[in-house]
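Thanks for making the time this morning.

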Amino acid sequence: MATVTENMEASAPQKLQHPKEQYMFWFESMLLQRRFEEKSGQLYGQQKIRGFCHLYIGQEACSSGAVSALKKGDKYITAYRDHGIPLALGTDPKAIMAELYGKKTGTTKGKGGSMHIFDKENNFVGGHGIVGAQIPLGAGIAFAEKYNKTGNLCICYFGDGAIRQGAFHEALNMAMTWKLPVIFVVENNGYAMGTSVARTSNVTELYTMGEAYDIPSEPVDGMSVEAIHEAVSRAAERARNGEGPTFLEFRTYRYRGHSMSDPQKYRSKEEVEEYKHRDPIEQIRAVILSNNLATEEELENIDKKVKDIVAESVQFAEESEFPDPKEAYTDVYVENDYPFVMD
């Protein structure tokens, strides 16, 4: 059977909609996420990484396409499948891997683990473990941007299961009423943990839920980084023009289970393989090769570079120290002399 790349190479070259640098960024950005997550899965099996761990394999276009469409001051917030977005934003992979290891050199000093990556410098306002809790937070961040007249926006990610939460509806209603500069994104990978969308909702066209609040809403091919870039660009323009929120449904797919403990008995291997034929990285690889933007050897060198970066992150995490047990009592409150903290 021909690979996605071979099938696309056999057809006529696609007309380029973006500069070469854009395609090369997408390829390397998504590949870094893929290799990082593959290694994370291996390390989890070796019990180097413990606790919960949710991999982003298959969904890389959702992060890279948005990052390329937005500007530096914009804020990002997501749920607990949160390794991919900071990697796309440029967070040091060593710090992310150290956080997965629970080491003090991690993004949150080893206190957050896989589900709570944060990076203030790159405006990543974190992964959040409570389902749907980040949705009103995303609206709140957007409110602050509007209040302070920064011209920035917030893009708020959540899974298809989170839109069953009341906070989703409250946040959308408030955001549209106040015309907040927020892009709501449901990463619809088809399954809330192990339950399909069709089994949890009469409404399976999830983007239509935004229309109830008169929010511009649309479905987006979540396996196409170009489609995501274009949809987020349109949404960002509306937000910066004071027109308020947009609701996007990224129709994506995760190749691995919901978490590392998921046996994946709720879907067939054939279904997974079908989606792999639309792999976002292979699609961009095919565009690059068919338009002579780079050679196969150059792409292989990028892959080697990415693997080296991941290997360095593992070595860094292995060599880093665990936090002192006393650290459990720090960073609990902003103020060290907060009145409810007692010796």
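Let me begin with a definition: helices (H or I, at least four residues) and strands (E, at least two) are DSSP runs, numbered from the N terminus. This is a predicted model, in which local features need pLDDT of at least 70 and side-chain atom pairs count only at pLDDT 80 or more, while totals for chains, interfaces and linings use all residues. Residues are numbered from 1 along each chain as its sequence is written, and side-chain values use heavy atoms, with hydrogens and water left out.

On confidence, pLDDT, the predictor's score for each residue from 0 to 100, averages 92 over the protein chain, and 93% of the residues score at least 70. Residues 1-12 stay under 50, and for them the model has 16 contacts (heavy atoms within 4.5 Å) beyond four places in sequence. Where pLDDT is low, the predicted coordinates should not be read in detail.

As for the overall fold, the protein chain has 13 helices and 8 strands. Buried residues, meaning those under 20% relative accessible area, with exposed over 50% and partly exposed in between (1.4 Å probe, protein chains only), make up 51% of its 343 residues.

Now to the rings, where the structure holds 9 aromatic pairs; rings of Phe, Tyr and Trp (its six-membered ring) pair if their centres lie within 6.5 Å, and planes under 30 degrees apart count as stacked, over 60 as edge-to-face and the rest as tilted. Phe143 and Tyr147 are stacked, because their ring centres are 6.2 Å apart and their planes stand at 20°. Both belong to helix H6 (residues 134-147), and being 4 residues apart there, Phe143 and Tyr147 are separated by about one helical turn. Phe143 counts as partly exposed at 38% relative accessibility, whereas Tyr147, at 61%, counts as exposed.

Which pair is tilted, with 50° between the planes? That is Tyr191 and Tyr266, at 5.0 Å centre to centre. Tyr191 lies in strand S5 (residues 191-192) and Tyr266 in the loop between strand S8 (246-251) and helix H11 (269-276), so the pair ties together parts that are 75 residues apart in sequence. Here Tyr191 is buried at 12% relative accessibility, and Tyr266 is partly exposed at 25%.

Finally, Phe143 and Tyr147 come back with Trp178, as the three form one aromatic cluster.
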